[in-house]
Amino acid sequence: MQKSNVANLIGPVLSQGKEWVVIEPEPGLEQGELRITILELLEYEHLIDITVARLPMCFMDVAFNHLDNKPAPEKRKSQECVRCKFNFFCNGFYPEMEEYVKAIPDIPIEVVIEVTDKCNQACSFCFNKFEYRLDARNARKEMNGEEVKCVLKKVKEMGVKIVRFSGGEPLLRKDIFNLIEFAKDLGLKVWLNTNGTLVAEIAKLIGLVENVLIPIHGFDEKTDEAETRLKGSFGLKLKAIELLNPHCLVRCGVVLTKQNAANIERFYLLAGQHGIRIMEFYRPIELGRHDYLKKAISNIASLNKKHNRNFRIANAIPYCFNSQVARVAQGGVYDDGATRIVVDSRGMLKPSYYLVVPMGDALQTPLWDAWNSEEWLALRELRRMPIQCTKCIHRHTCRGGSRALAKLNSGDIAGKDPLMKRPVLR
Ligand SMILES: C[S@@+](CC[C@H](N)C(=O)[O-])C[C@H]1O[C@@H](n2cnc3c(N)ncnc32)[C@H](O)[C@@H]1O
């Protein structure tokens, strides 16, 4: 692998119809250039499995699953490894690669604060409705402004760089701009999940937020409105996307309901028509098996090729469900306590949007204590995954599928994800 020849390198491999490629880094390539080259390589990950040989996983956090982690007798570990978040599953580094080794701190990428559970839409699948009565959540009211600010200060003290406001619909809160300004004054990056329908508020976001996630729940006015039960929701969201697109990173989320899954190409066309750069799909987190997703996954794989996109399933889904999943899914890396802390509207901590397990009260518990608690560590270190998954080659990205769905369907957080088949061994 050399600087800037990625297309020349991948092109011939693709034309031979290969499914995977192992690439050797060029000796002496400067580290920054090497990282950029890997990012360029990953532009092709929807077409082919890519592994870069010899580099330790810590060399590039966002690409860790593409870096060589095969056990080898020459590999070893150093003091740096002991402080690294990958230590519990990393097989070490080749001695000549020691200069590339640098501990990745074990700290959440972001803290999500659900500032309200009120919403002006009424989506049938919304996770806000389940398991909400656990852990005395009902004994507590929605956090007031001072309480949210207290959590924001804790986020800052913890050293986390990103706070994401979500809900419910966060823009329904009267003090939301005050909270956003407060977070910005603390030096936090502000991300937002909003349904995009409150036009006056959307315009005020310009210059305040770096990253906005807007959902599209149907492929046209009729299907979107049928899901949201809000008149005009489709047009309002598209307007919000158009307005915010020049000012921040706008991502669009599509829940793969049966109807959406059967019409996936309509979403690719929408993306093309409305300048949507990133569209992410979500597997519905609700009771049931959703076997129809198998076809949807194959469709996403072929539509990505057809439309030259890299749209992905952004929440956890077992990689063994279908051979294409590894190509189109981000796996469980953003779910089930792996990289995020979520604070619900009453201030209770949970390890993901969907997984409600008692992790304490954000107003009382120091965030580090929660993050390093036994239950959170067990989730992070894959100790709440079915035993069958422990030898699977995909375990560190798939993470045993969705722990939230395992719990919802079987009552056991360490149970099987309903779409799980058998581990992939190599
Ligand atoms: C609960 S909303 C909160 C933020 C904002 N009001 C919104 O509409 O995006 C966050 C998003 O999570 C996704 N979502 C909600 N329930 C889900 C579920 N059961 N399974 C998968 N995704 C879900 C939807 O894309 C939804 O837009």
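Ala7 is found in helix H1 (residues 6-15), where helices (H or I, at least four residues) and strands (E, at least two) are DSSP runs numbered from the N terminus. The structure is a predicted model, in which local features need pLDDT of at least 70 and side-chain atom pairs count only at pLDDT 80 or more, while totals for chains, interfaces and linings use all residues. Residues are numbered from 1 along each chain as its sequence is written.

Ala7 is exposed, because 10 other C-beta atoms lie within 10 Å. Ala7 and His247 lie 240 residues apart along the chain, and their C-alpha atoms are separated by 30 Å.

The protein chain comprises 16 helices and 11 strands. Its radius of gyration is 22 Å, close to the 22 Å that the globule rule gives for 426 residues, so the chain is as compact as a globular protein of that length. The radius is taken over C-alpha atoms, and the rule is 2.2 Å times the number of residues to the power 0.38. Along the principal axes, the C-alpha atoms fill a box of roughly 60 × 45 × 45 Å. Of the 426 residues, 42% count as buried. Among contacts between residues at least 6 apart in sequence, 65% join residues at least 24 apart; two residues are in contact if their C-beta atoms, placed from the backbone, lie within 7 Å.

The chain is divided into domain 1 (6-100) and domain 2 (110-380), with bounds that come from an automatic or database domain assignment. The centres of the two domains, taken over C-alpha atoms, are separated by 30 Å.

Strands of a sheet pair through backbone hydrogen bonds, either parallel or antiparallel. In this model, 9 strands form an open sheet of mixed pairing, in the order E9-E8-E7-E6-E5-E4-E3-E10-E11. Its edge strands are E9 and E11 (349-350), each of which pairs on one side only. Two strands are taken to pair if DSSP finds at least two bridges between them. Strand E7 (residues 249-255) pairs with strand E8 (residues 278-282) in the parallel sense over 5 bridges, and Arg251 stands opposite Ile278 in E8. E8 also pairs in the parallel sense with strand E9 (residues 312-313), over 2 bridges; here the bridge partner of Phe281 is Ile313 in E9. Strands E5 (residues 189-193) and E6 (residues 211-215) run parallel and are joined by 3 bridges, with Asn193 opposite Leu213 in E6.

Helix H16 (residues 403-410) is mostly covered, with 6 of its 8 residues buried. These are Arg403, Ala404, Leu405, Ala406, Lys407 and Leu408, and what covers them includes helix H14 (374-380). Just after H16, Gly411 takes a positive phi of about 80 degrees.

Conventions: A residue is buried if 20 or more other C-beta atoms lie within 10 Å of its own, exposed if 12 or fewer, and partly exposed in between; C-beta atoms are placed from the backbone.
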